[in-house]
Structures are given as C-alpha cells and as structure tokens.
Amino acid sequence: MAASPSSLSTFSSLSIHHPPRLSHLPSSHPSLSPLKNPKYSLFLLPKVTKISPVKATSGGAETIYFDNVDPEEVSTFDPPERPEDFVPPPSFDEGPIETEDEIARGYEEIYGPAYSGETFLGNDIYVMDPKVKKTSGFGSQGQREKVKDGFEERVVQVSRVTKVVKGGKQLHFRAVVVVGDKKGHVGVGVGKAKEVAVAVQKSAVNARRNVITVPMTKYLTFPHRSDADYGAAKVMLRPASPGTGVIAGGAVRIVLELAGVENALGKQLGSNNPLNNARATVVAVLKMRQFSEVAQERGIPMEELWK
C-alpha cells in the first residue's frame, strides 16, 4: 500500500534532525566557536583542568614489609609460662555431689516451675497452662481458692435482693451459708454481693467468725431438749436414741448435720425463713449444757443429778 503525499509530509515534519558531525573540522574552525555559531554551543565539552596528585608527607603512616616471613608457614601458639604460685581451678566433676532437690531448684530457677510440674520454691506450676483458671493477678478476684481449715461449707439459700436508690435499682445477691467440721463446731453466716460466688465467699467468712460449740453425748445426740426462737421462727430440738438419725427439715437439718449430730429430732414451728430458722437452731444449741457443767455449778457430783 503506497503512502499518500500528506502522510509523507507529516512524517518529514516529525523527523529528528541530528547535529552534524564536527570531528572532520579542525579545532580552529570558525563554525566551532560558540560566539559565531551558537547552535553548536550545547554539544561542546567543557575544558578539563589537570589535577596534580597530593604528595605524602613524612609525618604520615609508614608501611612496614616483613620480607623474612613465609606466608605458607604454619604458626603455633606458644603460651607464656605459668607463675610459681598458680593454683589450677577445680574440675567441673569434682566437688560435693548435688542432691536431687538442689538440682530441681536449679532447674526451676532457670526454666520456671512449669518445667517439671512440681515446685520447690513455692511458685505456681500452672502459670503457663491456659486451661487452669488463675487464682491471682488481674481479673481473678472472684476465683480465690477455698480455705482448707477442716470446715465444710453448705449453701442454704441464695436470694436476689434489690435496693432502690436515686438513679434506679441496684441488684445484689444474698447468700446464707452454714459451715461445720462435724466434730461439734458449727456456724451460720450471711453475705451480700453483686455476684453469687462473691456472696457465698463473704457469707462463708462471716460463718467462720460465728462458730459455736455444740454439746453432745457419747451417742452423738443432745444432752436434753431445748426450744428457741429468732424473730418469727421457732425451733424445737429433742434428743434421740442411737440409730434414729437426724429427723428434721430445712435449715435445721443442715445445721445439725454439719455440727456432727447423728441422732436428734427437730421441728420448725414458726416462719419458714431459712436464715431465721438456722439462727434459731444456733440459739437453741447455745441454751444446752452438759451434765458436768451443771454438776460443777451446783457443787455436787454427777451421780447426784439423777437422785
């Protein structure tokens, strides 16, 4: 396909004009002068000035050549002689043999208590276990361990209570807990908190502060009958023969079982409030006395009490 005259004129106008070669002209040619022919001034190289090298002074670094050293020679280390009073250090294997406990303590100091799963320094062995809940640190206020003092805890009641304030109502939980060691010691406590677990913990602490001693005979029953009331609750307690068991209900039964009583009769005659019935049971127990105490107060031997 032949190109049209218009396209040829367009390509001729867009063609690049290279500067003429000036190598065949002498350097004194008038066309090479930038003043006479300024269009060739951009293609002229600048005049190069010669730089003379810096001569080193006598005070500079001096290079020393060892002509008498063979580079292929193998050199050996010749240590200096030891002084006369030199005492060599003891070997690693020498000295007293460490015990297994000392080795375990050393490993625990280096790697931590979770290395062997057993602590010799009193550290937490579950510090690196994410499956075990933390008992200390941030966010573990309600996850404390139970006190191991021989007392058994039993929750009697957990109720939800509200307090009306200026901004609205505040919701809390009240827990009633009975603690006892089943050896003649029992206590009733109550506590309130915004969480159930914290309320139970507070009530258990309060119950331990109010522990009383329950008088019992060798048949693990009461020495005599007793009646008591606390508020609108009335409780009747009666001794029973061996093999009867604890025949009672509600909070009275829980208090007697944790006290260690195995044969007794109990009855709630008034209100059904668990807290008042538990405290009424404690009041009835406090009224009881052993035969030896009565005989000592009267100043007579125990045999004369039944005359």
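R174 has K192 in β3 as its bridge partner. The model is a predicted one, in which local features need pLDDT of at least 70 and side-chain atom pairs count only at pLDDT 80 or more, while totals for chains, interfaces and linings use all residues. Residues are numbered from 1 along each chain as its sequence is written, and side-chain values use heavy atoms, with hydrogens and water left out.

**The antiparallel sheet**

Strands (E, at least two residues) and helices (H or I, at least four) are DSSP runs numbered from the N terminus, and two strands pair if DSSP finds at least two bridges between them. In this sense 4 strands make up an open sheet in the order β1-β2-β3-β4, with antiparallel pairing. Its edge strands, each of which pairs on one side only, are β1 (152–165) and β4 (211–213). Direction ignored, neighbouring strands of this sheet are turned by 15° against each other on average. β2 and β3 run antiparallel and are joined by 8 bridges; they form a hairpin with 4 residues between them, and K182 in the turn has a positive phi of about 60°. On the other pairing, 3 bridges join β3 to β4, which also run antiparallel.

| Residue | Opposite residue | Strand of the opposite residue |
|---|---|---|
| V178 | V188 | β3 |
| P239 | A264 | β8 |

Helix α3 lies across β1, β2, β3 and β4 and runs at about 145° to β3, where axes are lines fitted to C-alpha atoms (for helices over the stretch in contact) and angles run from 0 to 180 degrees between N-to-C directions. V205 is found in this helix, which covers residues 196–209. With a relative accessible area of 39%, V205 is partly exposed, given that buried means under 20%, exposed over 50% and partly exposed in between (1.4 Å probe, protein chains only). V205 and G191, 14 residues apart in sequence, have C-alpha atoms 8.7 Å apart in space.

**The mixed sheet**

A further open sheet consists of 4 strands in the order β5-β6-β8-β7, and here the pairing is mixed. The edge strands are β5 (226–230) and β7 (246–247), each pairing on one side only. Strand β6 (residues 233–239) and strand β8 (residues 264–268) run antiparallel and are joined by 5 bridges.

A nonpolar core is a set of buried Ala, Val, Leu, Ile, Met, Phe, Trp, Tyr and Cys residues joined through side-chain atoms within 4.5 Å. The largest has 29 residues, and those with the most contacts inside it are V186, V214, F222, L237, L256 and V261. Two or more residues each come from β2 (168–180), β3 (185–193), β6, α4 (251–259) and α5 (274–286), with α4 giving the largest share, 7 residues. Contact means heavy atoms within 4.5 Å; leaving aside neighbours within four places in sequence, L256 is in contact with F222, L237, V246, V261, A264 and T281. A second, separate core of 8 residues includes V179, A193, V200 and A207.

The axes of α4 and α5 are 8 Å apart, and the two helices pack at an angle of about 45°. They are therefore oblique to each other, since angles under 35 degrees count as roughly parallel, over 145 as roughly antiparallel, 65 to 115 as roughly perpendicular and the rest as oblique. In this packing A251, V252, V255 and L256 in α4 meet P274, N277, A278 and T281 in α5.
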